[in-house]
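Keep the viewer open and follow along.

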Amino acid sequence: MKYSEYAGLKWGELNDNDKKLLLKNAICRETMTGSPLTKGEGMVEFAETLAVLGAVYDGNIVIDDEAELYNPCIGNDGKPLTEEDLEKMFEEYKDRTENEALMDEFEYYMKNRPHVVILGAGASCAAIPNGDKYGKKISAMSGFIEKLGLTDILSKIDIHTSSDNLEDIYMEIDERSQVEEQCKKVKEELEKIIWEYMSNYELPDSPTIYDFLVLSLTEKDLIVTFNWDPLLVQAICRVQRYTSNIPQVAFLHGNVAVGFCEDDNIMGNVGMLCRCGKTLKPMKLLFPVKKKDYSSDIAIRKSWKTFNSALEKAYMITIFGYSAPKSDIEAIAMMKKAWGAVSDRNLEEIEIIDIRKEDDVIDSWNQFIHTHHYSYHTSFFDSTLARCPRRTCEATFDRLMNCIWLDGSKGFKESMSFGDIENYICNLIEEEKNAKGKNKVLSNPYH
């Protein structure tokens, strides 16, 4: 009986001889990286075409009788591959490798494609879970009204929606402000208070997830954020003491810490002097309305142009704490246009970091995901960004295309100090300097 023919059976349905045969060369691996496990739960691999969820206890592999065996090898059509399929693919691969130069060129191209990270309100909440430098906590849109103490302002008008979500409340006020003067005054007051409130956030002195995030990527990559708060900008400023090879950044809904000079098309910290001698003016904030204007403001239009260009070329996308709310329908449509047809994205990978249930998260982004080409995490430190910093595309290509198992014990750890981080990335940064301009594939130290 071929290994793949066991797929679909429950472990308890196998006879003792079959179990003994399968366990003979079985190994339990960590589900994301494939690192061998000496204890705990993971994926029990019997062969390339057969696996089951199980665990290792006291050196023995343990599998529940109800656990279903499955074939982890899935083709581009979403169907399981047989041993014959794999053999045929291997033969085709051997033929292709006769032209090594072509393969090397392909690997270099794939590993140097952008890794695009999309940040929503959940990312900023994760960056300062215990509050900012002065203990001030940040809030997602739900509960934002109470957090800012805006109840008194809103009491000046009758709110029809029963939602406590700022987006729902603001959308209603925005629509009514077109004809109701009092709603217009409340809207302007809300915008002023939100700007001032957001501007006062300051990162703690110790490393935050935003510091780890910026240092996990390089200049070929891009971080885009829908958030107004200044935390990401502050992280970018302070990690440049370690390297200038950091990702590009785009602010899709504006940002309180970012300024822009229309004359010179220069973006930087708000209040800084442009090369023309003028002060960088604050970037406009896009508030949550049903129909956002992404084109009239030059700085926001520039951010979206940068984002769309990177999204078209991206090998990896990480969506961190962004729920694709209903007020962002147009933004999602623009992203989908840049990403293109899912059927054309059979090599790309999408990674999602979110505390919502996996089914709900995947449902939000299924129009971007090619079959099984995604991973889901509830913690940043379980993502490729943290596990394979500064080599995310290199490590992912090696794992998926070169069939190299990764070591899940490496990478950034939540307990690291800035000194620890500097020591960890110093050799990676040195390699990047030496490889600059040489069309050289960077190493992958994570296997």
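Let's begin with an open sheet of three strands, ordered S9-S8-S10 and paired in the antiparallel sense. S9 and S10 are the edge strands, each pairing on one side only. Strands here are DSSP runs of E with at least two residues, helices are runs of H or I with at least four, and both are numbered from the N terminus. Two strands count as paired if DSSP finds at least two bridges between them.

Before going further, a word on the ground rules. This is a predicted model, where local features need pLDDT of at least 70, side-chain atom pairs count only at pLDDT 80 or more, and totals for chains, interfaces and linings use all residues. Residues are numbered from 1 along each chain as its sequence is written, and side-chain values use heavy atoms, with hydrogens and water left out.

Back to S8, which covers residues 258–261: Val258 and Phe260 point one way, Gly259 and Cys261 point the other way, and all are buried. (Buried means under 20% relative accessible area, exposed means over 50%, and partly exposed is in between, using a 1.4 Å probe and protein chains only.) On one side, S8 pairs with S9 (residues 266–269) through four antiparallel bridges, with Cys261 opposite Ile266. The two strands make a hairpin with four residues between them, and in that turn Asn265 has a positive phi of about 55 degrees. S8 also runs antiparallel to S10 (residues 281–282), joined by two bridges. Here Phe260 partners Lys281, while Gly259 partners Pro282.

Now for a helix pair. H11 (residues 298–313) and H12 (residues 329–339) pack at an angle of about 40 degrees, and their axes are 8 Å apart. That makes H11 oblique to H12. The axes are lines fitted to C-alpha atoms over the stretch in contact, with angles from 0 to 180 degrees between N-to-C directions. For the wording, under 35 degrees is roughly parallel, over 145 roughly antiparallel, 65 to 115 roughly perpendicular, and the rest oblique. Which residues meet? From H11 come Trp304, Phe307, Asn308, Leu311 and Glu312, and from H12 come Ala331, Met334, Met335, Ala338 and Trp339, where contact means heavy atoms within 4.5 Å. The residues of this contact divide into eight nonpolar, one polar and one charged.

Helix H7 (residues 166–176) is largely enclosed by the rest of the structure, because ten of its eleven residues are buried. Among them are Leu166, Ile169, Met171 and Ile173, and also Glu167, Asp168 and Arg176. What do these buried residues pack against? Their partners are helices H5 (144–148), H6 (151–154) and H8 (181–199).

Finally, two single residues. Val239 sits in helix H10 (residues 231–239) and is buried, with a relative accessible area of 0%. Not counting residues up to four places away in sequence, Val239 touches Asp211, Val214, Leu215 and Ile246. Asp221, by contrast, lies in the loop between helix H9 (209–215) and strand S6 (222–225). Asp221 counts as buried at 2% relative accessibility. Leaving aside neighbours within four places in sequence, Asp221 is in contact with Arg113, Pro114, His115, Pro247 and Gln248.

Note on methods. Ala, Val, Leu, Ile, Met, Phe, Trp, Tyr, Cys and Pro count as nonpolar, Asp, Glu, Lys and Arg as charged, and the others, Gly among them, as polar.
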